[in-house]
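User: I've got a model open and I'd like to talk through its side chains. Can you take my questions one by one?

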Amino acid sequence: MESLGLECTELKVAWENCFQKWYVQKFLKGSVEDDCKVLFDKYQTCLSHSLKAHKVDLLLMQQQEKSYK
């Protein structure tokens, strides 16, 4: 599935693949060390930039403000 920020799709796919492998091969066997953190951080940074570029971050903040009132 594509990322919300299309330019981040490759990072999203790489992180999802890493996460699935880690979850099955390590987490379910007791390891909690996150082997995919670097990929997740890169994807999160890319997505954050994309949301700001498309002004989606402002819409999210406005919605959050309405929720707290």
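This is a predicted model: local features need pLDDT of at least 70, side-chain atom pairs count only at pLDDT 80 or more; totals for chains, interfaces and linings use all residues.

User: Is T9 buried or exposed?

Analyst: T9 sits in helix 1. Its relative accessible area is 17%, and the cut-off for buried is under 20%. So T9 is buried.

User: Which residues does T9 touch, leaving out those up to four places away in sequence?

Analyst: T9 belongs to helix 1. With residues up to four places away in sequence left out, the contacts of T9 are M1, E2 and S3.

User: How many salt bridges does a search of the whole structure find?

Analyst: One of them joins K12 and E16, another pairs K26 with D35, and D41 meets K37 in one too. For the whole structure, the search gives three.

User: How far apart are the closest N and O atoms of K12 and E16?

Analyst: Both K12 and E16 lie in helix 1, four residues apart, which is about one turn of the helix. K12 is buried at 10% relative accessible area, while E16 is partly exposed at 31%. Opposite charges can pair when their charged atoms come close. Here the closest N and O atoms are 2.7 Å apart.

User: And what is the N to O distance for D41 and K37?

Analyst: D41 and K37 are both in helix 2 (residues 37-53), again four residues apart, about one turn. D41 is partly exposed at 30%, and K37 is partly exposed at 46%. Their side chains meet in a salt bridge with an N to O distance of 2.9 Å.

User: Which residue meets K26 in a salt bridge?

Analyst: K26 counts as partly exposed, at 36% relative accessibility. The N to O distance is 2.6 Å, and the partner is D35.

User: What about the surface: how much accessible area does the nonpolar patch with V24 have together?

Analyst: V24 lies in helix 1 (residues 9-25) and is partly exposed at 49%. The patch consists of Y23, V24, F27, L28 and V32. Together they have about 480 Å².

Terms used
Residues are numbered from 1 along each chain as its sequence is written. Side-chain values use heavy atoms; hydrogens and water are left out. Patches are made of residues with over 30% relative accessible area and no salt bridge: like charges are joined within 9 Å, nonpolar side chains (Val, Leu, Ile, Met, Phe, Trp, Tyr) within 5 Å. Accessible areas come from the Shrake-Rupley method with a 1.4 Å probe; for residues, only the protein chains shown count as cover. A salt bridge is a side-chain nitrogen of Lys or Arg within 4 Å of a carboxyl oxygen of Asp or Glu. Helices (H or I, at least four residues) and strands (E, at least two) are DSSP runs, numbered from the N terminus. Buried means under 20% relative accessible area, exposed over 50%, partly exposed in between (1.4 Å probe, protein chains only). Contact means heavy atoms within 4.5 Å.
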